[in-house]
Amino acid sequence: MSEQATELTADKNGHIFDLIAGEIKEGNGFIPFERFMELALYHPQLGYYTKNIKRVGKDADFITSVSVGKCYGLILAHHFAPILKNFSNFSGEVVVVELGAESGDLALDIMGGLSTLLSKNLFERLYYIIVEPFNLKREALRNRLNLEGIKNISVISELKKENNFHGVLIGNEVLDALPFRRVRLRGKNWIELGVGIKTEEKKMKLIEVERCIQNQSLISRVVNFPKDLPDGFTAEVNLNFKNLLSGIHSSFVKLKGFFVDYGCSHYELMDIGRSEGTVRAYSGHKYVKDILLSPGSNDITSNVDFDWFRASAEKLGFIAHEPIDQYRFLTNAAEPWLLQIEKSGINNVENMKLINQFKTLIHPTIMGRAFKVLNFQK
Ligand SMILES: C[S@@+](CC[C@H](N)C(=O)[O-])C[C@H]1O[C@@H](n2cnc3c(N)ncnc32)[C@H](O)[C@@H]1O
């Protein structure tokens, strides 16, 4: 996804609905769900993720481990510090790359932690690089980072082959936000579920429409999907993992990568209990019933198929490990941080706040089990 990839500009009324309706007409009554999602979330002016609004946090649409507080970034800093020390033996830039940084909070938290954990020499050699495809968001991030007076953080539009990075990459809740396709079982055939339009009481409305799969990559993906599921069984397929991963592969010489997200195995996604798939929309911390109703006004997401992600990574030459629960990853990674907290006084108000955040991140019914950490390397 890039600004160039979305050719449309806002129509004269600035309504994303009209843009989508126009594309559906051009597409003879059908656009893939992936294209709908690309416009709804990432249209350069009108998309949910490109508009200048607050999306993440208690006072916005959803919370993430980053918005829980500093604790997450501090623990990650403890986990990344020894990895970065190892990479410092190589010539070239030592980096932490972040995808999907939104407000930049995680960058500040991780760099705050690393500034105390790395030698002065290595910290001065380290670059924190945020990859943000959208110009307006890049500007906002740069303004925020300038205000904080941090020098060794930069914001770039894309990863490039000539980067030659050695380091770490983190993407918190990025995979679930990549536009995906939807497929549905009809009889013994998987077909594609897209977006169409109909007029009801003189008003145009976006609706689900089905058609034969035409995209070659999608045909190859569903060829081995089970066919003994109930008629109408629906699932999501993300064809964008490959693109994201090849950018990462070509820009890193040596990498330890971490994607943190909600999701499950392919087998679990094909469970009869998930017959409508896992696609959902959020606004103001609530589910939005009709995901097609207000494009541009809410988040759209689905569970990540971790097996598919791992297979896509391994095909490119990465080693991709089995995802582990966030609580397991964080409790292991937090050990040195917890010892530090204990030494500096567990009853100190700031530390009590951090410990409460830690509990939220690892609690099995809050964030500890829902989120998985997928670790891959080159
Ligand atoms: C659910 S938000 C997560 C924000 C933040 N990481 C957090 O955890 O609070 C998803 C973010 O991923 C970004 N994103 C989606 N695709 C991306 C891509 N290809 N490269 C970089 N960022 C991307 C979106 O713009 C959005 O900021």
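Guide: Three strands form an open sheet, in the order S12-S11-S13, with antiparallel pairing. Strands here are DSSP E runs of at least two residues, helices are H or I runs of at least four, and both are numbered from the N terminus. Two strands pair if DSSP finds at least two bridges between them. S12 (286–288) and S13 (299–301) stand at the edges with a single partner strand each, so one side of each has no neighbour in the sheet. From one strand to the next, the twist averages 40°; axes are lines fitted to C-alpha atoms, with angles from 0 to 180 degrees between N-to-C directions. S11 (residues 280–283) is joined to S12 by three bridges, and the two run antiparallel. Ser283 stands opposite Lys286 in S12.

This is a predicted model: local features need pLDDT of at least 70, side-chain atom pairs count only at pLDDT 80 or more, and totals for chains, interfaces and linings use all residues. Residues are numbered from 1 along each chain as its sequence is written.

Now helix H4 (residues 71–87). A kink of about 35° lies at Phe80, shortly before Pro82. That bend is the angle between axes fitted to the seven residues ending there and the seven starting there. H4 is mostly covered, with twelve of its 17 residues buried (20 or more other C-beta atoms within 10 Å of the residue's own, C-beta atoms being placed from the backbone). Phe80 is one of the buried residues, and Leu84 and Phe87 are also among them.
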